[in-house]
Amino acid sequence: MSVEAWTTILVILSFILYTYIGWRSRVRDSKGFFVAGQGIPAVANGAATAADWMSAASFISMAGLISVLGYDGSIYLMGWTGGYVLLALLLAPYLRKFGKYTVPDFVGDRYYSTTARLVAVVAAIFISLTYVAGQMRGVGIVFSRFLQVDINQGVIIGMIIVGFFAVLGGMKGITWTQVAQYSVLIVAYLIPAIALSFQLTGNPFPQLAFTFSDIVPQLNQIQLDLGFAEYTQPFTEKSMLDVLFITIALMVGTAGLPHVIVRFYTVTDIRAARYSAGWALLFIAILYTTAPALSTFARYNLINNLNGQTLEQVSQLDWATKWEQTGLLTFEDKNADGVLELTPDPDTNEINIDRDIIVLSTPEVANLAPWVVGLVAAGGLAAALSTASGLLLVISSSVAHDIYYRLINPRASETKRVMVGRIMVGFAIAIAGYFGINPPGFVAQVVAFAFGLAAASFFPVIILGIFDGRTNREGAIAGMVAGLAFTAYYIIAVNFYGMEPWLFGISAEGIGTIGMIINFAVTLIVSRLTPPPPLEIQTMLENLRSPGNEPLALEEMDEEHLD
């Protein structure tokens with residue numbers, strides 16, 4: 001069978017599986033809809049967390065970034081995995097013990113403020129919409145190439161599928177669907193990596209082949225011959241300071257992402273929250289230790305297959321012709337010598353490879369079996385849809401739970417709360433679809449912006465909210481607004497209005513670190529210049545940090561303390 005036939009079969013089968021799980025996991029109560037009834041086992045929650053977090057950026061785009069950036073691409077490996085260590089040690093157990101549903105829930109109650117809750121809701125929606133844009137672009141890329149469907153139509157199909165299990169099952173349906181999606185995406189990532197490793201080095205273990213074979217020295221020499229810097233030479237694309245700041249932004253951004261944090265509300269107790277983080281890190285490490293090897297193999301293969309070929313030879317490569325139709329792979333014989341050349345100079349380079357196609361095209365470039373190509377397509381969709389569903393629920397819960405139930409109608413029935421949640425999922429899907437059709441950038445770049453916004457807004461107020469009893473509502477509100485406003489301004493100005501990165505040359509991907517520092521500074525200073533939190537808040541924090549597995553019994557705050 002053809003690649004398209006295999007892809008269609010595997011994608012349809014995986015979609016049937018997700019839909020069936022969503023139907024079987026349907027819920028009627030708000031606890032099931034927003035936090036999966038807080039009954040998910042630690043191992044399952046670890047797999048769901050890995051799928052939720054290993055988005056289209058990790059599956060589709062990260063290896064492409066490493067393939068293009070070489071050594072400097074390691075920022076994504078260090079930042080995105082290091083963030084889980086912070087999350088497991090500093091945030092997950094305490095947030096689970098706090099016993100609420102969402103991040104704005106924690107912010108609103110800890111800082112005894114409806115204003116703080118609203119600022120947190122705005123930040124959660126802003127971050128989630130930025131993040132979901134990358135996921136829907138990933139869905140469109142997969143559909144446009146492998147199913148020969150227009151990108152816009154592919155986005156709409158993805159919206160319908162993710163909407164079905166998100167609307168029916170809420171967090172419970174999303175969680176069990178993500179367990180299945182993790183299984184699909186990790187198998188789809190490992191099979192071509194193992195096959196390519198064996199094909200190029202004779203070693204079936206990608207990590208070992210990458211470390212002990214001569215594939216990296218060969219690629220270094222090829223890069224030098226073509227005029228590029230060595231593949232393993234550091235700080236060729238980014239300065240040392242920018243690499244440091246991007247890594248920190250990705251790390252603390254991971255620990256502050258609302259759709260990741262909410263996963264730790266779904267387990268049975270605090271101990272399970274810690275174990276969930278450990279399992280998630282293990283499941284993530286399987287893919288993340290494979291990514292550098294796959295990036296190297298893919299770049300080596302692409303250069304050998306395309307550089308120095310004539311247009312006629314390239315036109316006989318079926319995979320190249322089909323990727324060229326998507327506009328993500330282009331050829332132009334600029335010097336009219338009949339030979340295509342890959343060079344670092346944009347004026348003379350004749351082969352343009354979009355970094356988002358590196359992983360998806362690898363099985364075809366390596367001439368692997370058509371079913372492997374189809375499996376990779378299904379894995380890319382699983383990665384994009386799993387994260388999109390988690391983000392959609394964050395947007396839904398931010399409006400339905402944190403605004404409608406907590407602020408507008410506290411007496412709303414279970415049925416009404418779930419209904420509002422489902423309506424908001426529908427609205428969120430429509431917005432996500434718009435961003436999928438009109439993406440603001442390539443997948444991993446857009447996702448990196450979301451991490452920067454999370455680093456600048458949530459991470460400081462959560463850390464200080466747990467470990468600093470003197471931090472009050474005035475400080476938290478001022479810090480979140482200052483950090484988020486500065487980071488959003490810098491990102492938008494640099495990427496959409498052509499402003500030069502004026503702050504020490506730090507890129508938009510790394511500016512979240514500065515936003516975080518601003519947030520910390522403003523929060524601490526304002527908190528010290530204004531009255532301390534009420535006594536009951538300070539007592540609650542002491543209980544939160546004390547050993548014990550029982551959730552806190554939070555009382556409603558007195559009216560005199562609410563703003």
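**Entry 1: helices H7 and H21**

I began with two helices and noted that H7 passes H21 in a left-handed crossing. I call a crossing left-handed if the near helix is turned anticlockwise from the far one by less than a right angle, and right-handed if clockwise. Helices (H or I, at least four residues) and strands (E, at least two) are DSSP runs, numbered from the N terminus.

I am reading a predicted model, in which local features need pLDDT of at least 70 and side-chain atom pairs count only at pLDDT 80 or more, while totals for chains, interfaces and linings use all residues. Residues are numbered from 1 along each chain as its sequence is written, and side-chain values use heavy atoms, with hydrogens and water left out.

I then looked up the axes, and found that those of H7 and helix H21 (residues 473–496) come within 10 Å and cross at roughly 25°. That makes H7 roughly parallel to H21. From H7 I listed Thr115, Ala116, Val119, Ala120, Ala123 and Phe126 as the residues making the contact, and from H21 I listed Ile477, Met480, Val481, Leu484 and Ala488. Sorted by class, this contact of H7 with H21 has ten nonpolar, one polar and no charged residues.

For my own reference, axes are lines fitted to C-alpha atoms, for helices over the stretch in contact, and angles run from 0 to 180 degrees between N-to-C directions. Angles under 35 degrees count as roughly parallel, over 145 as roughly antiparallel, 65 to 115 as roughly perpendicular and the rest as oblique. Contact means heavy atoms within 4.5 Å, and the classes take Ala, Val, Leu, Ile, Met, Phe, Trp, Tyr, Cys and Pro as nonpolar, Asp, Glu, Lys and Arg as charged, and the others, Gly among them, as polar.

Next I turned to helix H6 (residues 103–110) and helix H7 (residues 114–146), which pack at an angle of about 160° with their axes 8 Å apart. That makes H6 roughly antiparallel to H7, and I noted that the crossing of these two helices is right-handed. On the H6 side I found Pro104, Asp105, Val107, Gly108 and Asp109, which meet Ala116, Arg117, Ala120, Val121 and Ala124 in H7. The residues of this contact divide into six nonpolar, one polar and three charged.

In the loop between H6 and H7 I came to Tyr112, which has a positive phi of about 40° although it is not a glycine. Tyr112 counts as buried, at 4% relative accessibility, where buried means under 20% relative accessible area, exposed over 50% and partly exposed in between (1.4 Å probe, protein chains only).

**Entry 2: other positive phi values**

I also looked up Phe235, which lies in the loop between helix H10 (215–225) and helix H11 (240–256), and its phi is near 60°, again a positive value in a residue other than glycine. At 33% relative accessibility, Phe235 counts as partly exposed. Just after H17, I noted that Asn367 takes a positive phi of about 60°. Eight of the eight residues of helix H17 (residues 358–365) are buried, so this helix is largely enclosed by the rest of the structure.

**Entry 3: aromatic pairs**

I paired rings of Phe, Tyr and Trp (its six-membered ring) if their centres lie within 6.5 Å, with planes under 30 degrees apart counted as stacked, over 60 as edge-to-face and the rest as tilted. By this rule the count comes to 13 aromatic pairs. In one of them, the rings of Tyr182 and Phe283 have their centres 5.2 Å apart and their planes at 50°, so the pair is tilted. It links distant parts of the chain, with Tyr182 in helix H8 (residues 151–201) and Phe283 in helix H13 (residues 270–288), 101 residues apart. I found Tyr182 buried, with a relative accessible area of 6%, and Phe283 buried with 14%.

The rings of Phe459 and Phe520 have their centres 6.4 Å apart and their planes at 85°, so I recorded that pair as edge-to-face. Phe459 lies in helix H20 (residues 443–467) and Phe520 in helix H22 (residues 511–529), so the pair ties together parts that are 61 residues apart in sequence. I also noted that Tyr76, Trp80 and Phe451 form one aromatic cluster.

Last, I looked up Thr513 in helix H22, which counts as buried at 2% relative accessibility. Not counting residues up to four places away in sequence, Thr513 touches Phe245, Ile248 and Ala249. Ala378, in helix H18 (residues 370–408), also counts as buried, at 2% relative accessibility. Leaving aside its neighbours within four places in sequence, Ala378 is in contact with Leu10, Val11, Ser14 and Val184.
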